[in-house]
Amino acid sequence: MTRRRGGPSDGGLQGAGAPHGGMDATTAPHRIPPEMPQYGEANHIFELMQNMLEQLLIHQPKDPILFMISHLQRDNNNVPKIVILGPPASGKTTIAMWLCKHLNSNLLTVENLIARELSSLAAGARRHYQDVTGWILDGIPETREQALMIQTLGITPRHVIVLSSPDTVLIERNLGKRIDPQTGEIYHTTFDWPPEAEIQNRLVVPEGISELETARKLLEYHRNIIRILPAYPKILKVISADQPCMDVFYQALTYAQTSHRSNAPFTPRVLLCGPVGSGRRLQAALLAQKYGLVNVHCGQLLKEAVADKSKVGELIQPYFQKKMAVPDSIIMKVLDQRLSQQDSVQKGWVLHGFPRDLDQAHMLHSLGHQPSRVFFLNVPLDSIIERLTLRRMDPVTGERYHLMYKPPPTVEIQARLLQHPRDTKEQVKLKMDLFYRHSSDLEEFYRQAIAINGDQDPYTVFEYIESGIINPLPRKVP
């Protein structure tokens, strides 16, 4: 997880005219308002500027200002830029055509590139299509030399898909290949035969599909592909072509619509939602320990405010004494103070225990504390009851036990164990009902939230959460 260089300090911003006796103003850490990193992350400012700089250096225009204005107006940072590679008969052309139709993109093959190079008008149109709708390269590059040449021309793919299958399967598959000369569609005598008699009658056998010729092409492909792949180390995905074509297509489509991990500075602001007993507190502790995030537990904050005998703690004390719910306005005051402190802004935070309903979520949002990742830990009622109702405490030593997962070592200890009133089956069910009463509203509010099965090993759950934080949020499939 990328961390921000240089952290805020209590010294505040150093102006240009500030004295230089103790610290150089250009190297001093600064106080960063929380709104600034949130704006940058929400609008992908780092990626936007990085992409524009890359294009500027590739094209080297005479007027860089006009070029940057034009680049920003095109708004084409997210158009498809895909390379599909694979051996003969792997189905790469079919997958490329399907992706083009689904993503409304421009298919480029060796044949149509050669044809278009004969016309400067066509070359201009090709650049226009690449800018507006993106492109998919079918079987290009064929050699390492082509891969390097493509890079020098500024053609940089975002996703490279390589189809793979045993040679014996490919040779057998290639023998059944047929082509429609009118549409260019590829069919197969066994796997994909057209139902229309008219199409069947006009299909032709393509050249170069005999067993000997296919084996020769496969040998040439294997020689070249091992030298091409190192050119795309971080954007490469290998997909087995020895499965139904539709399965291959959906795997390719899913990968083509994923965003790669960004190099942008990223300060995680994590919200963990889930019913009582779902493991939020443990996951928050694991995140705080590994990534140095500030662990913000709403209930604990209120207890600390009372213990510190602060002014807001004096407001909370009567509600604690009467065992009444603390008003949202007081909770928000405590929470706002904690999330606005410099360690929270600089390191990031993981919040749990709040918000519990839609009104609280709106209040948190209105104060400018928007989480960058939201996780819902889903655990069935039976598992929650098992986790909580079997908890016990030894009143003599204060040691905590669980009758199933951590039973007491002796009969004597077991005889004196006590159950906390909040762990009774009735209380657990009551809290579960309360959570699920508001959970659908919270899921609607946090539409990009990630749902995780919390009914598994806690370290497995942590790995899923960690992956959701490190990797970009998935784009919605159209």
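Visitor: How many salt bridges does the count come to?

Guide: The count comes to 10 salt bridges. The model is a predicted one.

Visitor: What makes Glu-145 and Arg-227 a salt bridge?

Guide: The limit is 4 Å between a side-chain nitrogen of Lys or Arg and a carboxyl oxygen of Asp or Glu. For Glu-145 and Arg-227 the N to O distance is 3.4 Å, so the pair meets the rule. Glu-145 belongs to helix α7 (residues 144-152) and Arg-227 to helix α10 (residues 211-228), so the bridge ties together parts that are 82 residues apart in sequence.

Visitor: Why are Glu-145 and Arg-227 called partly exposed?

Guide: Partly exposed lies between the buried limit, under 20% relative accessible area, and the exposed limit, over 50%. Glu-145 has 47% relative accessibility and Arg-227 has 37%, so both receive that label.

Visitor: How do you know that Asp-423 forms a salt bridge with Arg-391?

Guide: The closest N and O atoms of Asp-423 and Arg-391 are 2.8 Å apart, and the rule asks for a separation within 4 Å; the pair therefore qualifies. This bridge links distant parts of the chain, 32 residues apart. Asp-423 sits in the loop between α19 (411-416) and α20 (425-445), while Arg-391 is in strand β12 (residues 391-393).

Visitor: How many aromatic pairs does the structure hold, and why is the pair of Phe-435 and Tyr-436 called edge-to-face?

Guide: The structure holds 4 aromatic pairs. In the pair of Phe-435 and Tyr-436 the rings are 5.0 Å centre to centre, with 75 degrees between the planes. Centres must lie within 6.5 Å, and planes over 60 degrees apart count as edge-to-face, so both conditions hold. Phe-435 is buried at 14% relative accessibility, whereas Tyr-436 is partly exposed at 37%.

Visitor: How do you know that Phe-445 and Tyr-446 are edge-to-face?

Guide: Their ring centres are 4.9 Å apart and their planes stand at 85 degrees, so the pair is edge-to-face. Phe-445 is partly exposed, with a relative accessible area of 25%, and Tyr-446 is buried, with 8%. Ring pairs also link Trp-98, Phe-249 and Tyr-250 into a cluster.

Visitor: Which residues gather in the patch of positive charge, and why is Arg-281 called exposed?

Guide: The surface patch gathers Arg-281, Lys-303, Arg-356, Arg-400, Arg-422 and Lys-431. Arg-281, in helix α12 (residues 280-291), has a relative accessible area of 56%; exposed means over 50%, so the label applies.

Visitor: Which residues make the nonpolar surface patch, and what label does Ile-45 receive?

Guide: Tyr-39, Ile-45 and Met-49 make the nonpolar patch of about 300 Å². Ile-45 is found in helix α2 (residues 45-59) and, at 30% relative accessibility, counts as partly exposed.

Terms used:
Residues are numbered from 1 along each chain as its sequence is written. This is a predicted model: local features need pLDDT of at least 70, side-chain atom pairs count only at pLDDT 80 or more; totals for chains, interfaces and linings use all residues. Side-chain values use heavy atoms; hydrogens and water are left out. Patches are made of residues with over 30% relative accessible area and no salt bridge: like charges are joined within 9 Å, nonpolar side chains (Val, Leu, Ile, Met, Phe, Trp, Tyr) within 5 Å. Accessible areas come from the Shrake-Rupley method with a 1.4 Å probe; for residues, only the protein chains shown count as cover. Lys and Arg count as positive and Asp and Glu as negative; His and the chain ends are not counted. The place of a charge is taken as NZ of Lys, CZ of Arg, CG of Asp or CD of Glu. Helices (H or I, at least four residues) and strands (E, at least two) are DSSP runs, numbered from the N terminus. Buried means under 20% relative accessible area, exposed over 50%, partly exposed in between (1.4 Å probe, protein chains only). Rings of Phe, Tyr and Trp (its six-membered ring) pair if their centres lie within 6.5 Å; planes under 30 degrees apart count as stacked, over 60 as edge-to-face and the rest as tilted.
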